[in-house]
Amino acid sequence: MHLHPPVLHASGIAKAYGSRRLWHGIDVTVPRGGSLAITGPSGSGKSTLVRCLGLLEHVDMGRIEILGETVTHVTSRRRMQLYRSTIGHLFQNGALEDTWTVRQNLDVAFIGSTLRGRARVPVRQDALAQVGITAPDSATAHTLSGGERQRLAIARLLIRRPPVVLADEPTAALDAATGSDILQRLSDLRDGGSAIVVATHDPAVVDWADECLDLGSPVSR
Ligand SMILES: Nc1ncnc2c1ncn2[C@@H]1O[C@H](COP(=O)(O)OP(=O)(O)O)[C@@H](O)[C@H]1O
Ligand SMILES: [Mg+2]
């Protein structure tokens, strides 16, 4: 094993649904503080690739390593630990619990942390201020706008700062200004050392990323 393995490494991974082959022979390496955009036409398997890299789904072939650990077929117990400690997801809708308050949604980020009670208050406030959310933390998530929900999901990641951040079209449903805010916050995560993978149609996100993997081009399929 390397002394400093890449945060996320996949080699020769492939995925099919029945006879429908989505992608194969895919290699991905994202170092600490690195970013990779995944592009391709609708239906090319971007979301599936993000789910596979984030261990929400299995690949059919190949190997996935996170921080040097082979995680292609981990136990569900280990997978749950990785979700808590290592992997952060960001989906188009923000992946929030709709019926929970802002505060409850943020508190999920403290699982495994030693911060308790009042010690969490400034951390929550700081994260909300960073993403520009002004709603009270007693507000229910479903009362927030799409942009606010996405910001709240990012605030949660800013508290956790997981080594791996996987985002599926995080700016797709947003106006350009909000989208560029989201990119700025993803930059904060990256600058803090997170390795970021983002499936996207958005040219601004592709420009932002260090590297781009196009699932639609014949060379990569
Ligand atoms: N769980 C599933 N079972 C069967 N087919 C699926 C499943 N998830 C996605 N697909 C199909 O796989 C293809 C790729 O989907 P997806 O990864 O969402 O692509 P993209 O994000 O690039 O639009 C689509 O044709 C979709 O219908
Ligand atoms: Mg998709």
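A polar contact is a pair of N or O atoms within 3.5 Å; within protein, one atom must be able to donate a hydrogen and the other to accept it, and residues adjacent in sequence count only if both atoms are side-chain atoms. This is a predicted model, in which local features need pLDDT of at least 70 and side-chain atom pairs count only at pLDDT 80 or more, while totals for chains, interfaces and linings use all residues. Residues are numbered from 1 along each chain as its sequence is written, and side-chain values use heavy atoms, with hydrogens and water left out.

Q: What makes R20 a polar contact of ligand 1?
A: A polar atom in the side chain of R20 lies 2.3 Å from an oxygen atom of ligand 1. The limit is 3.5 Å, so the pair qualifies.

Q: How do you know that S44 and T48 also have polar atoms by ligand 1?
A: For S44, a polar backbone atom is 3.3 Å from an oxygen atom of the ligand. For T48, a side-chain N or O atom is 2.5 Å from an oxygen atom of ligand 1. The protein covers 59% of the 560 Å² of accessible area that ligand 1 has on its own (Shrake-Rupley method, 1.4 Å probe).

Q: Which residues are around ligand 1?
A: Among them are Y17, R20, L22, P41, K46 and R51; a residue is near a molecule if one of its heavy atoms lies within 4 Å of it.

Q: Which helix gives the most to the shell around ligand 1?
A: Helix α1 does, with four residues. Both β2 (20-30) and α1 (46-53) supply at least two residues of that shell; helices (H or I, at least four residues) and strands (E, at least two) are DSSP runs, numbered from the N terminus.

Q: Why is R185 called buried?
A: Its relative accessibility is 18%. Buried means under 20%, exposed over 50% and partly exposed in between (1.4 Å probe, protein chains only), so R185 counts as buried. R185 is placed in helix α6 (residues 176-191).

Q: What polar partners does the side chain of R185 have?
A: A polar atom of the R185 side chain lies 3.1 Å from the backbone oxygen of Q130. The side chains of R185 and D188 are joined by a polar contact of 2.7 Å.

Q: Why is S76 called partly exposed?
A: S76, found in helix α2 (residues 76-85), has 45% relative accessibility and therefore counts as partly exposed.

Terms used. Chains are lettered from A and ligands numbered from 1 in the order in which they are written.
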